[in-house]
Amino acid sequence: AEVTVKCRIGVDEQDEDAALAAFVEQVAAAGCTRFIVHARKAWLQGLSPKENREVPPLNYARVYRLKREHPQLVVVINGGIGNSLRCTSICVMSMA
C-alpha cells in the first residue's frame with residue numbers, strides 16, 4: 001500500500017531547511033514517495049491549533065525548493081490556499 005506523509009516545514013526554533021531535508025530524506029529512504037507539506041512551521045508552545053493554521057508565516061518557497069531537490073517525489077503544498085485564484089497562483093509559481 002502507498003504511504004503518504006503530511007508534515008510541516010518545521011517545528012518551533014528548528015532550522016526549517018535542515019529539519020525538513022533530514023525528515024524527507026529519512027522517510028523517502030523508507031519508501032514513501034508522496035509528501036503533503038503544510039508550508040508553515042508549527043509552534044508547540046504559545047499558539048492554539050487554530051492560530052498555528054494562521055499565525056506562522058507561509059513559506060511556499062521552501063516547499064518549491066523541496067520539490068526541486070527531490071523531483072522523483074510527489075510534493076503537494078498545503079496551507080493558506082483559500083480560493084481558486086490563490087491555487088492558480090501557487091501552481092504557476094511551482095512551475096517557475
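Visitor: Which residue is the bridge partner of histidine 38 in β3?
Guide: Asparagine 78 is the partner of histidine 38. Keep in mind that this is a predicted model.

Visitor: OK. How many bridges join β2 to β3?
Guide: Five, and the two strands run parallel. Strand β3 covers residues 74-78.

Visitor: And which way does β1 pair with β2, parallel or antiparallel?
Guide: Parallel, over seven bridges. Strand β1 spans residues 4-11. At its valine 11, the residue standing opposite in β2 is alanine 42.

Visitor: What do β1, α1 and β2 make together?
Guide: A β-α-β unit, and a right-handed one. Helix α1 takes up residues 16-29.

Visitor: Back to β2. Why is it largely enclosed by the rest of the structure?
Guide: Because seven of its nine residues are buried. The strand runs over residues 34-42.

Visitor: New topic: the core. Which residues have the most contacts inside the largest nonpolar one?
Guide: Phe35, Val37 and Val63. That core has 17 residues.

Visitor: Which elements supply at least two residues each?
Guide: β1, α1, β2, α3 and β3. Helix α3, residues 60-69, gives the most, with four residues.

Visitor: What is valine 63 in contact with, leaving aside its neighbours within four places in sequence?
Guide: Ile9, Val37, Ala39, Val75 and Ile77.

How values were computed
Residues numbered from 1 in each chain as written. Predicted model: local features only at pLDDT ≥ 70, side-chain atom pairs only at ≥ 80, totals over all residues. Heavy atoms only, no water. Buried < 20%, exposed > 50% of the residue type's maximum accessible area, 1.4 Å probe, protein only. Pairing = 2+ DSSP bridges. Right-handed = clockwise from strand over helix to strand, strands pointing away. Core = buried A, V, L, I, M, F, W, Y, C linked by side-chain atoms within 4.5 Å. Contact = heavy atoms within 4.5 Å.
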